[in-house]
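Me: I'd like a close look at one part of this model. Could you walk me through it slowly?

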Amino acid sequence: MSYDSTSTTPPLEETYVKLPSNALLHQQNLSQDNTCTEECDIPTINLHGLTSSVSQEITKCKEDIAKAASEWGIFHVLDHGISHKLLHVMRAEQIRLFSMPFEKKRSWCGLPYGSYTWGTPTATCQEQFSWSEAFHVPLSDIGDSSEEFKTFREVMDKLATDMSNLANTIARSLSEYLGDPSTRCITKSCSKSTSFLRLNHYPNCPFSEETFGLVPHTDSSYLTIVHPDKVGKLQLKINDSKWVSVRPKPGALIVNIGDLFQAWSNDVYKSVEHRVMPHSGADRHSIVYFLCPSYDSPIGSCTGHSPIYRSFTFGEFRKEVDKDVKQLGCKVGLPRFHL
């Protein structure tokens, strides 16, 4: 099978078919009932309550956020304060970016070198492969000043600022709900410059029943905010065994709890395992904001007593994740830091 070097899509099919299937992982997938036939509605929270002049409404909104974070680890938010026009323009720029020739995307596209990724470089079998491409952009450096990508950079910078404000608002609410004073709030260690924006593209896939758009994982962040499209295909694991599809909700953003918040909350809040499935007849796009601290920031328990995890820095956590992915082909995450 030859690859067309002028194609806009990376050589996903060529790479996937060359990988062997891991019989053990395949059997585990079958035994764990990795099929998904059910669609569910995750909690929906109107964030207008946080800015209400009525204290009871503020308290109720904080309770709803905390309940969704502890019971589901994921929820929709409405009245989130991010302009739908801005999201629309960002989506158009995202599609334009991914429509460029593959060689241009991976060599230079106005973003920092190394931002572009595709597939799973560490995959040793088909069960570890992600049928997708992405730009993972550190917001401390959103690229050069070339005219070709001027609109893209301006829109991305504005969206990153608004996403950062939203993420900090939700994180502050979750922190204060557990009794953490605002002076010690985790958002003190997070800023736009320490966080990341990820643009995902999941091309249509002829093996949609057999592979992943994004392999099952939890997020290595405090919070993740997702602007999905109408295609859907985001799935999450509930009750540690059953996979369900998240029913899209027009106008809503998706918020999910990351590993750092689970560790900080001493397992009160849940970092939900999720995956993305490819589609055989349509491309899928998403824009994702990761609220992260600086690499030297300590992640400790908010309770101060009977911690479940040892204290660690974000840098240590990332190092362990990267090591496991390279050596094992998958992320282990928080279990590495259990006391």
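Which side chain does the side chain of histidine 274 join in a polar contact?

Reply: The side chain of aspartate 219 is the partner, and the polar contact with histidine 274 is 3.4 Å. A polar contact here is a pair of N or O atoms within 3.5 Å; within protein, one must be able to donate a hydrogen and the other to accept it, and residues adjacent in sequence count only if both atoms are side-chain atoms. Bear in mind that this is a predicted model, where local features need pLDDT of at least 70, side-chain atom pairs count only at pLDDT 80 or more, and totals for chains, interfaces and linings use all residues. Residues are numbered from 1 along each chain as its sequence is written, and side-chain values use heavy atoms, with hydrogens and water left out.

Histidine 274 sits in strand S12, residues 274-276 (strands are DSSP runs of E, at least two residues, and helices are runs of H or I, at least four, numbered from the N terminus). Histidine 274 counts as buried because its relative accessibility is 7%, and buried means under 20% relative accessible area with a 1.4 Å probe, protein chains only.

What's around it? Leaving aside neighbours within four places in sequence, histidine 274 is in contact (heavy atoms within 4.5 Å) with Val215, Pro216, His217, Thr218, Asp219, Leu234, Gln235, Leu236, Trp243 and Asn256.

Over residues 192-293 the chain is 6% helix and 41% strand, and the end C-alpha atoms lie 9 Å apart.

Definitions and conventions. Buried means under 20% relative accessible area, exposed over 50%, partly exposed in between (1.4 Å probe, protein chains only).
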